[in-house]
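Here's a quick tour of one model, written to be read with the structure open beside you. Have a look at the rings and the packing as you go.

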Amino acid sequence: VIDTLPEVVQYLENEGMEIWDSARQNEAFAEIEDFAKQIKAVGEKYSLKILKNFGTNLRIHVDHFDIEKIESTLNSYPKTVDEIKSWLQTAESEKI
C-alpha cells in the first residue's frame, strides 16, 4: 500500500479535487454520488479503508438526502487527502 501512495495522492489532489470541487459547488445529488463512487473505487483499488469509508458514507448520506451530512462529508475531503499525504510523508521520511 505504501508504494502506491504517491499515485493515490496524485489522483486525489488533481482529478479527485476537480470532481470534488464541481460536486460541492453544483450540489447535484447525481454528481455527488458519482464522486462518492469514484473515491470508494480508488479506496478499493489501493486497499485504503479511509477512502472506502469516505465513499460509502457519502453515498449513504446521498441515498438518505441528508444535506447536513453530505456537506460535512464533502467538506472533510481536503482533510482526508491531507491525512493520506501525511502517511506518505511519514513513509518517505522512514526510508531515509
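Which residues do ring pairs link into a cluster? They are Trp20, Phe35, Phe54 and Tyr77. Keep in mind that this is a predicted model.

## Aromatic pairs

The structure has five aromatic pairs in total. One of them is Phe29 with Phe65, an edge-to-face pair with 5.2 Å from centre to centre and 80 degrees between the planes. This pair links distant parts of the chain: Phe29 sits in helix α2 (residues 29-45), while Phe65 is in the loop between α3 (49-63) and α4 (67-75), 36 residues apart. As for accessibility, Phe29 comes out at 29%, so it counts as partly exposed. Phe65 has a relative accessibility of 57% and therefore counts as exposed.

Now for Phe35 and Phe54. Their ring centres are 6.1 Å apart and their planes are at 85 degrees, which is why the pair is edge-to-face: the angle is over 60 degrees. Since Phe35 belongs to helix α2 and Phe54 to helix α3, the pair ties together parts that are 19 residues apart in sequence. Are these two buried or exposed? Phe35 and Phe54 are both buried.

## The nonpolar core

The largest nonpolar core is made up of 25 residues. Those with the most contacts inside it are Val8, Leu12, Phe35, Ile39, Leu51, Leu58 and Tyr77. Which elements give two or more residues to this core? That would be α1, α2, α3, α4 and α5 (77-95), and α1 gives the most, with eight residues.

Ile39 is a handy place to look at the packing residue by residue. Leaving out residues up to four places away in sequence, Ile39 touches Tyr11, Leu12, Leu51, Phe54, Gly55 and Tyr77. Phe54 and Tyr77 also turn up in the ring cluster with Trp20 and Phe35.

## The largest pocket

How big is the largest pocket, by volume? Its volume is about 160 Å³. Lining this pocket are Ala23, Arg24, Glu27, Phe29, Ile32, Ile67, Ile70, Glu71, Leu74 and Asn75. So Phe29, paired edge-to-face with Phe65, is also one of the lining residues.

The elements that give two or more residues to the lining are α1 (5-26), α2 and α4. Of these, α4 gives the most, with five residues. Sorted by class, the lining has six nonpolar residues, three charged ones and one polar one.

Terms used. Residues numbered from 1 in each chain as written. Predicted model: local features only at pLDDT ≥ 70, side-chain atom pairs only at ≥ 80, totals over all residues. Heavy atoms only, no water. Phe/Tyr/Trp six-rings, centres within 6.5 Å; stacked < 30°, edge-to-face > 60°. Helix = DSSP H or I, 4+ residues; strand = E, 2+ residues; numbered from the N terminus. Buried < 20%, exposed > 50% of the residue type's maximum accessible area, 1.4 Å probe, protein only. 1 Å grid on protein atoms, 1.4 Å probe; cavity = no way out; pocket = protein on both sides within 12 Å on 5 of 7 lines; lining within 4 Å. Points joined across faces, edges and corners; volume = space filled by probe spheres on them. Nonpolar A, V, L, I, M, F, W, Y, C, P; charged D, E, K, R; others polar. Core = buried A, V, L, I, M, F, W, Y, C linked by side-chain atoms within 4.5 Å. Contact = heavy atoms within 4.5 Å.
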